[in-house]
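Have the viewer open as you read.

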Amino acid sequence: MQQPIYIKGICIGEGRPVICVPVVEKDAAAVVKKIDELVQKQVQMIEWRVDCFDEIGQPERVKAVLEEVRPLVKDTVMLFTIRTAKQGGNASLEEKKILFLNELAAKSGSIDLVDLEFFEATKPEREIRRLQRMGVHVIASHHDFHATPDDRILRMLMEQMKQGGADIAKLAVMSNSVDDVLRILKLTNDMKQKYPTLPIITMSMGGTGVISRIVGETVGSCVTFGADGEVSAPGQMQMDTLGSILDALHESIG
């Protein structure tokens with residue numbers, strides 16, 4: 001069994017996958033409003049996709065948003081994510097600026113998890129340790145919005161993120177066939193068996209891969225992403241529909 005991570009009383013890594021809802025609004029007021037709405041809906045986990053924020057290039061504005069939402073999210077798990085253009089996001093910042101913002105968020109008291117694009121960082125292991133010392137958990141992530149790589153590459157990616165010391169390893173790839181989906185599901189189960197203490201997040205993006213977003217409890221993926229309105233990745237389901245499906249599956253699994 002995976003060793004779960006407990007944050008604000010929410011278990012990540014055991015039982016029904018946690019639904020994380022991305023916030024992709026562009027201006028500060030809209031970001032704060034959306035986070036408040038999601039908190040009122042009792043969402044367990046919120047991802048602020050900072051690469052969608054128009055003022056990402058102004059650290060003081062990012063800090064101001066973090067300070068404003070701090071009292072709102074005292075019981076809600078918060079994930080801070082800057083997704084670069086290379087990984088399917090919107091950010092084109094230099095690495096040092098991304099690392100500065102990650103560390104600013106880690107020290108803000110508003111954030112519980114930071115997403116670090118493992119293979120875009122020059123020294124990811126060092127940055128993971130720095131963020132962890134600041135009191136946050138780190139998700140090492142890799143995204144391929146074009147294809148599902150060869151099985152050997154998939155394993156290599158996961159192995160390297162695991163060896164890098166991350167608290168959670170995340171791999172999201174685009175499916176171009178049903179076989180692609182089956183391969184990512186098998187990889188997830190294999191990694192769970194090999195590294196039972198490492199929480200894993202995997203998904204096969206696109207319509208074909210939607211099944212991967214709901215079977216995490218069976219194969220070992222501990223978080224799934226659901227939208228409240230605008231989606232942040234292909235194949236993402238609306239959170240209410242996703243929640244109902246996960247509840248039904250969890251009840252059946254027993």
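A residue is called buried here when its relative accessible area is under 20%, exposed when that value is over 50%, and partly exposed in between. Keep in mind that this is a predicted model.

With that cut-off in hand, look at helix α6, which covers residues 178-194. Aspartate 190 has a relative accessibility of 19%, so it counts as buried, since the limit is under 20%. Its partner in a salt bridge is lysine 186, with the closest N and O atoms 2.8 Å apart. Why do these two sit about one helical turn from each other? Because lysine 186 and aspartate 190 are 4 residues apart in α6.

Take lysine 41 and aspartate 228, whose side chains meet at 3.1 Å, N to O. This pair ties together distant parts of the chain, 187 residues apart: lysine 41 is in the loop between α1 (28-40) and β4 (45-49), while aspartate 228 is in the loop between β10 (223-227) and β11 (237-238). Are the two ends buried or partly exposed? Lysine 41 is partly exposed at 47%, whereas aspartate 228, at 16%, counts as buried.

Next, find aspartate 115 and arginine 83, joined by a salt bridge of 3.0 Å, N to O. Here, too, distant parts of the chain are linked: aspartate 115 belongs to strand β6 (residues 113-117), and arginine 83 to the loop between β5 (77-81) and α3 (95-106), 32 residues away. Both aspartate 115 and arginine 83 are buried. Salt bridges also join up into a network, made of Asp151, Asp179, Asp180 and Arg183.

Lys123, Arg126, Arg129 and Arg133 form a positive surface patch. Lysine 123 sits in the loop between β6 and α4 (124-133), and its relative accessibility of 46% makes it partly exposed.

Finally, the backbone. Which residues other than glycine have a positive phi? Lysine 8 is one of them, with a phi of about 55 degrees; you'll find it in the loop between β1 (5-7) and β2 (10-12), partly exposed at 32%. Glutamine 42 also has a positive phi, near 60 degrees. Its place is in the loop between α1 and β4, the loop that holds lysine 41. With a relative accessible area of 69%, glutamine 42 is exposed.

Conventions. Residues are numbered from 1 along each chain as its sequence is written. This is a predicted model: local features need pLDDT of at least 70, side-chain atom pairs count only at pLDDT 80 or more; totals for chains, interfaces and linings use all residues. Side-chain values use heavy atoms; hydrogens and water are left out. A salt bridge is a side-chain nitrogen of Lys or Arg within 4 Å of a carboxyl oxygen of Asp or Glu. Buried means under 20% relative accessible area, exposed over 50%, partly exposed in between (1.4 Å probe, protein chains only). Patches are made of residues with over 30% relative accessible area and no salt bridge: like charges are joined within 9 Å, nonpolar side chains (Val, Leu, Ile, Met, Phe, Trp, Tyr) within 5 Å. Accessible areas come from the Shrake-Rupley method with a 1.4 Å probe; for residues, only the protein chains shown count as cover. Lys and Arg count as positive and Asp and Glu as negative; His and the chain ends are not counted. The place of a charge is taken as NZ of Lys, CZ of Arg, CG of Asp or CD of Glu.
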